[in-house]
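Grab a pencil and work through these exercises one at a time. Try each task yourself before you read its solution.

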Amino acid sequence: MRRGLCPGTFDPMTSGHLDIIERAAPLLDELVVGVAFSPDKGGGPLFTVDERVELITEATSHLSNVSVRPFDNLLVDFAHEVGATVIIKGLRAVTDFEREFQMAQLNYRLDSRVETMFIMAIPEYMYLSSSAVKEIALHGGSVQGLVPAHVIEALTDKLKESR
Ligand code: ADP
């Protein structure tokens, strides 16, 4: 049984995240999407962790071997908790490399039994990030195609709520 863990903040999930999950799932018996609380990232997440879990659960409902769980502890500890031996990460432009390289090295040092593997972003999603999506939506731009349809709805509601 090979179980993988795909961690992130997913605030909110984008088409880029979904693409990585859809490409990783067939390579594994099971894939757990780990949603980090990340209270400090970028001034705090827009969506609560439960909302982020719900949005990903809906987006991945067609993938029978994918489950979604929140986590607030060290990534390698969470990997053990869910029985995952491989961490799956998406890699966008070179700008991601330095940070991801550092995190992979540190996680390896913390526990060499958990391997980190990378899947390259497709060109279409290379420059797509949750923060860009929020920025566009906040200023009334269209995020059609950048996030799943139900995430557009959630974003619209959330931004109305926070005005
Ligand atoms: P963001 O950087 O958008 O806030 P997260 O912290 O939630 O995203 O990232 C979780 C994982 O998803 C990371 O490995 C990140 O590199 C990857 N990822 C984010 N956006 C994309 C994308 N557009 N294409 C491929 N991978 C991505």
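**Exercise 1.** In which helix is the place of Lys158? Then work out its surroundings.

*Solution.* Before we start: this is a predicted model, where local features need pLDDT of at least 70 and side-chain atom pairs count only at pLDDT 80 or more, while totals for chains, interfaces and linings use all residues. Residues are numbered from 1 along each chain as its sequence is written, and side-chain values use heavy atoms, with hydrogens and water left out.

Step 1: find the helix. Lys158 sits in α6, residues 149-161 (helices are DSSP runs of H or I with at least four residues, strands are runs of E with at least two, and both are numbered from the N terminus).

Step 2: check accessibility. Lys158 has a relative accessible area of 10%, so it is buried (buried means under 20% relative accessible area, exposed over 50%, partly exposed in between, with a 1.4 Å probe and protein chains only).

Step 3: look for partners. Skipping neighbours within four places in sequence, Lys158 is in contact with Leu46, Phe47 and Glu51 (contact means heavy atoms within 4.5 Å). With Glu51 there is a side chain to side chain polar contact of 2.9 Å (a pair of N or O atoms within 3.5 Å; within protein, one must be able to donate a hydrogen and the other to accept it, and residues adjacent in sequence count only if both atoms are side-chain atoms).

**Exercise 2.** Find the buried residues of helix α3 and say what covers them.

*Solution.* Step 1: go through residues 75-82; the buried ones are Leu75, Val76, Phe78, Ala79 and Val82.

Step 1: see where they point. They cover an arc of only 160 degrees around the axis, so they lie on the same side of α3 (the arc is that of the directions from the helix axis to the C-beta atoms). Here's the handy rule: an α-helix has 3.6 residues a turn, so residues three or four places apart point the same way.

Step 2: name the cover. It includes β1, β2 (30-36), β3 (66-71), β4 and α4.

Step 3: zoom in on Val82, with its relative accessibility of 7%. Not counting residues up to four places away in sequence, Val82 touches Arg3, Val32 and Arg69. Just after the helix, Gly83 takes a positive phi of about 75 degrees.

**Exercise 3.** Describe the largest pocket: what is its volume, and which element gives the most to its lining?

*Solution.* Step 1: the volume is about 1,000 Å³. (On a 1 Å grid over the protein atoms alone, a pocket is an open set of points with protein on both sides within 12 Å along at least five of seven lines, and lining residues have an atom within 4 Å of a point.)

Step 1: of the 41 lining residues, Pro7, Gly8, Thr9, Lys41 and Lys89 are the closest to the centre.

Step 2: α4 gives the most to this lining, with six residues.

Note on methods. 1 Å grid on protein atoms, 1.4 Å probe; cavity = no way out; pocket = protein on both sides within 12 Å on 5 of 7 lines; lining within 4 Å. Points joined across faces, edges and corners; volume = space filled by probe spheres on them.
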